[in-house]
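Subject: Structure for you to look at

Hello,

Here is the structure I promised. Please open it next to the notes below.

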Amino acid sequence: MTRINQKAAAAEKSRQLILEAAERLFAEKGFEKTSLQEICDQAGVARGTPGYFFGSKEGLYQAVLDRAFAEPLQLVLTLRSLVQQPDHEPRQLLRFAIEQFFDFQLKHPRFVRLTEWETLNGGQFLGHLPRQLEVFREALALMQQELDWQGEPEQFMIDLTALCWFPVAHAETFLKPLGVHMDDPQIREKRKQHVVDLLLQKYLPERREA
């Protein structure tokens, strides 16, 4: 590896360490209560390094949100591609979409916490993700057209988000006192199938022979 490549690799490693530390702290404490010094301390970098890569604390936070939305965005793009295949089976495809979104929420609690903080702050930064949100909207419209589901795509997204979101956001506050422990794999699977059944029945019910 040449000296230039070594420097580039070291710079990218520092950048990723900063993003990881920032995501962890922003998810835990929110934007306002997280300092750049705390991020630098956890990332193990000099105080001026985040500014070199991201310009400001706001720029770093926006980069964290962009990274957090990268995986769900890729899922949406995959679904959009699958919907356009001539041999797709509508109910199986919609089931796949619901299951993938549910699993994503469980695997990425920081994503949930980051967006919860954004909700508390009036969506100050999430409003700056027009490309991601536009892709979501276009994909939902295409899915409705190709899958011939019932209801509006926007309402489907609201229902999907609410049903998948609540078990993660309120695992400790509402569910655990009720005896529902989301860290139990069997309970997770049961909850996921419940969400799948509800949404399939509402938006793409099985057609029965007359």
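Buried area here is the accessible area, taken with a 1.4 Å probe, that two parts lose on being put together, summed over both. Keep that in mind for the interface below. Note also that this is a predicted model.

Overall fold

The chain has ten helices and zero strands. From the N terminus on, the order is therefore simply α-α-α-α-α-α-α-α-α-α. The C-alpha trace spans about 70 × 45 × 35 Å along its principal axes.

Domain 1 covers residues 1-55, and domain 2 covers 65-204. Their C-alpha centres lie 29 Å apart.

Where the domains meet

How much area do domain 1 and domain 2 bury between them? The figure is about 920 Å², with 51% of it on carbon and sulfur atoms. On the domain 1 side, Glu23, Ala27 and Phe31 lose the most area to domain 2. Together these three account for 50% of what that side buries.

In residue terms, eleven residues of domain 1 are in contact with six of domain 2.

Polar and charged pairs

Four salt bridges cross the interface of domain 1 and domain 2. Eight residue pairs are in polar contact across it, with both partners at pLDDT 80 or more. The domain 1 side that touches domain 2 divides into four nonpolar, two polar and five charged residues.

The structure as a whole holds ten salt bridges.

- Glu20 with Arg110: the closest N and O atoms are 2.7 Å apart.
- Arg67 with Glu23: the closest N and O atoms are 3.2 Å apart.

Why does the pair of Arg67 and Glu23 tie together parts that are apart in sequence? Arg67 lies in helix 4 (residues 57-83) and Glu23 in helix 1 (residues 3-29), so the pair links parts that are 44 residues apart in sequence. Glu23 is also one of the residues that lose the most area to domain 2.

What the record says

Best wishes

Note on methods:
Residues numbered from 1 in each chain as written. Predicted model: local features only at pLDDT ≥ 70, side-chain atom pairs only at ≥ 80, totals over all residues. Heavy atoms only, no water. Domains from an automatic or database assignment. Contact = heavy atoms within 4.5 Å. Salt bridge = Lys/Arg side-chain N within 4 Å of Asp/Glu carboxyl O. Polar contact = N/O pair within 3.5 Å; in protein donor to acceptor, adjacent residues only side chain to side chain. Nonpolar A, V, L, I, M, F, W, Y, C, P; charged D, E, K, R; others polar. Helix = DSSP H or I, 4+ residues; strand = E, 2+ residues; numbered from the N terminus.
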